[in-house]
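Me: I would like to learn how to read a helical protein model. Can we take it one feature at a time?
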Amino acid sequence: MKINLLLLSVAATGLVFAQGPRGRGPGGPGGPDTEARLTKTLNLNATQQNAVHTALQEHRVATSGLTDQMHTLNTQLHAAIKSGATDQINQITTSIGTLHQQMLASQSKAAASIYATLTADQKTQIGDHLEMLTGGGPGFGGRGPGGPPPNRRNPNNNN
């Protein structure tokens with residue numbers, strides 16, 4: 001059971017790093033494409049655009065350096081796995097979990113800040129697809145820059 005959990009943790013960590021650095025490029029959470037996409041999709045006014053920019057910039061500042069820390073921890077985890085150092089594996093995966101929590105909390109706060117500026121119609125348009133507000137990412141179940149999945153209640157409505 002412990003080995004299965006360890007292998008699952010390693011695989012999940014590998015998937016995170018296989019996606020490349022998050023939040024640094026145009027397609028990452030909080031990237032410039034997120035602002036442009038939201039402006040176009042939701043027809044944001046100037047005040048809302050400023051609020052989106054501010055929220056995403058605060059998210060970028062709050063998470064700057066976390067990707068580098070995550071890379072370092074991933075390297076340490078691989079070394080611990082190869083050496084069979086199970087005590088280090090526990091410590092390192094706990095640290096990775098803490099970094100994931102910090103990134104998700106920051107992204108969620110940015111989403112809440114943006115959501116608070118939306119009109120009732122814009123909130124209806126977003127629906128349960130909150131991943132749109134920050135460009136997708138962990139915990140949001142989002143699909144990133146591609147937008148939300150088709151409306152599942154009405155399969156013919158592919159907004």
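Me: In what order do the elements of the protein run from the N terminus on?
Reply: Helices (H or I, at least four residues) and strands (E, at least two) are DSSP runs, numbered from the N terminus. Here the elements run α-α-α-α-α-α. The count is 6 helices and 0 strands. This is a predicted model: local features need pLDDT of at least 70, side-chain atom pairs count only at pLDDT 80 or more, and totals for chains, interfaces and linings use all residues. Residues are numbered from 1 along each chain as its sequence is written, and side-chain values use heavy atoms, leaving out hydrogens and water.

Me: What percentage of the residues in the protein is buried?
Reply: Buried means under 20% relative accessible area, exposed over 50%, partly exposed in between (1.4 Å probe, protein chains only). Of the 159 residues in the protein, 32% are buried.

Me: How do helix 4 and helix 5 pack?
Reply: Two packed helices are described by the angle between their axes and the distance between the axes. Axes are lines fitted to C-alpha atoms, for helices over the stretch in contact, and angles run from 0 to 180 degrees between N-to-C directions. Helix 4 (residues 66-83) and helix 5 (residues 86-117) pack at about 160°, with axes 9 Å apart. That makes helix 4 roughly antiparallel to helix 5. The cut-offs: under 35 degrees is roughly parallel, over 145 roughly antiparallel, 65 to 115 roughly perpendicular, and the rest oblique.

Me: Which classes of residue make the contact of helix 4 with helix 5?
Reply: Contact means heavy atoms within 4.5 Å. Ala, Val, Leu, Ile, Met, Phe, Trp, Tyr, Cys and Pro count as nonpolar, Asp, Glu, Lys and Arg as charged, and the others, Gly among them, as polar. This contact has 11 nonpolar, 7 polar and no charged residues.

Me: At what angle do helix 3 and helix 5 pack?
Reply: The angle is about 170°, and the axes of helix 3 and helix 5 are 9 Å apart. So helix 3 is roughly antiparallel to helix 5. Residues in the contact include H59 of helix 3 and S106 and Q107 of helix 5.

Me: Is H59 buried or exposed?
Reply: H59 has a relative accessible area of 6%, so H59 is buried.

Me: Which side chain makes a polar contact with the side chain of H59?
Reply: A polar contact is a pair of N or O atoms within 3.5 Å; within protein, one must be able to donate a hydrogen and the other to accept it, and residues adjacent in sequence count only if both atoms are side-chain atoms. The partner is the side chain of S106, at 2.7 Å. The backbone nitrogen of Q107 also lies 3.5 Å from a polar atom of the H59 side chain.
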